[in-house]
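Student: I should like to work through a protein model by question and answer. May we look at the structure together?

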Amino acid sequence: MTKFLVVDTETGGVDPATQSLLSVGLVVWDAGRLGAQLEILVAEDPLVTTPEAMAVNRIDIGRHMASAVAPKSAVEQIEGFVAAHFAEAVAAGEKVVLAGHNVGFDIGFLKRLYRLAEVPFDSRFSHRSVDTASIMRFLHLCGLAPAAATTSDGAFAFLKVTPEAAGRHTALADARATARLLGAAIRLVRHRDLCGVDA
């Protein structure tokens, strides 16, 4: 499958066992092309955050809660998005592959969301994922990228992907940037004639 669902999350902390998911950004990545996109603001009850996390994501909680939805509604929106944009895979009984930068972090919080909504996460999403952070580290090990490119900002700079300044550290803007980063990494390898994957 060359079609992935790129995901990014903004959260109230780093521990999905105890801290809240605040927003989810989703971008369909189809053989290098960015497709449909969705951002969902989530209203957990109770809302658990840390000052450190809120300083990074700069989310105004009052404004956030005015348009956020409960976990059950958020999962319904995700499921509808997947059904609409991965219809062939869903019809064939395939599970959707998630992609992201340090995607294990985002998957942990998505699993929290599905647990709160009492919907099984593993029935929809594959246990396999695509992690652009790991890809950049691999490119560095191969001598195709500098050590600085193993950080998120370094990867964007090296591959000339410019995140949206106004939307940096919003889930959707970061998901879009990660989707472009994935395509740029593949184009780098193809340019070196090292693989035949179309980007």
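Predicted model: local features only at pLDDT ≥ 70, side-chain atom pairs only at ≥ 80, totals over all residues.

Tutor: Residues are numbered from 1 along each chain as its sequence is written, and side-chain values use heavy atoms, with hydrogens and water left out.

Student: What span should helix α8 have, and how far apart are its end C-alpha atoms?

Tutor: Helices (H or I, at least four residues) and strands (E, at least two) are DSSP runs, numbered from the N terminus. The expected span of a helix is 1.5 Å times one less than its number of residues. Helix α8 covers residues 171-191, which is 21 residues, so it should span 30 Å; the computed distance between its end C-alpha atoms agrees, at 30 Å.

Student: How many residues of α8 are buried?

Tutor: Buried means under 20% relative accessible area, exposed over 50%, and partly exposed in between (1.4 Å probe, protein chains only). Helix α8 is largely enclosed by the rest of the structure, because the buried residues among its 21 number 16.

Student: Which residues lie nearest the centre of the largest pocket?

Tutor: On a 1 Å grid over the protein atoms alone, a pocket is an open set of points with protein on both sides within 12 Å along at least five of seven lines, and lining residues have an atom within 4 Å of a point. The lining of the largest pocket has 20 residues. Elements giving two or more residues to this lining include β1 (3-11), α5 (103-117) and α8. Nearest the centre lie Asp8, Thr9, Glu10, Phe105 and His169.

Student: Which residue of β3 is the bridge partner of Ser23?

Tutor: Two strands pair if DSSP finds at least two bridges between them. Strand β2 (residues 21-30) and strand β3 (residues 33-41) have 7 bridges and pair in the antiparallel sense. In β3, the partner of Ser23 is Leu41.

Student: What is the omega of the cis peptide bond between Asp45 and Pro46?

Tutor: Most residues other than glycine have a negative phi, and most peptide bonds are trans. Pro46 is placed in the loop between β3 and α1. The bond that joins Asp45 to Pro46 is cis, with omega of about 5 degrees.

Student: What is the phi of Lys160?

Tutor: Lys160 lies in the loop between α7 and α8. Its relative accessibility is 72%, so Lys160 counts as exposed. Lys160 is a residue other than glycine, yet its phi is positive, near 55 degrees.

Notes. 1 Å grid on protein atoms, 1.4 Å probe; cavity = no way out; pocket = protein on both sides within 12 Å on 5 of 7 lines; lining within 4 Å.
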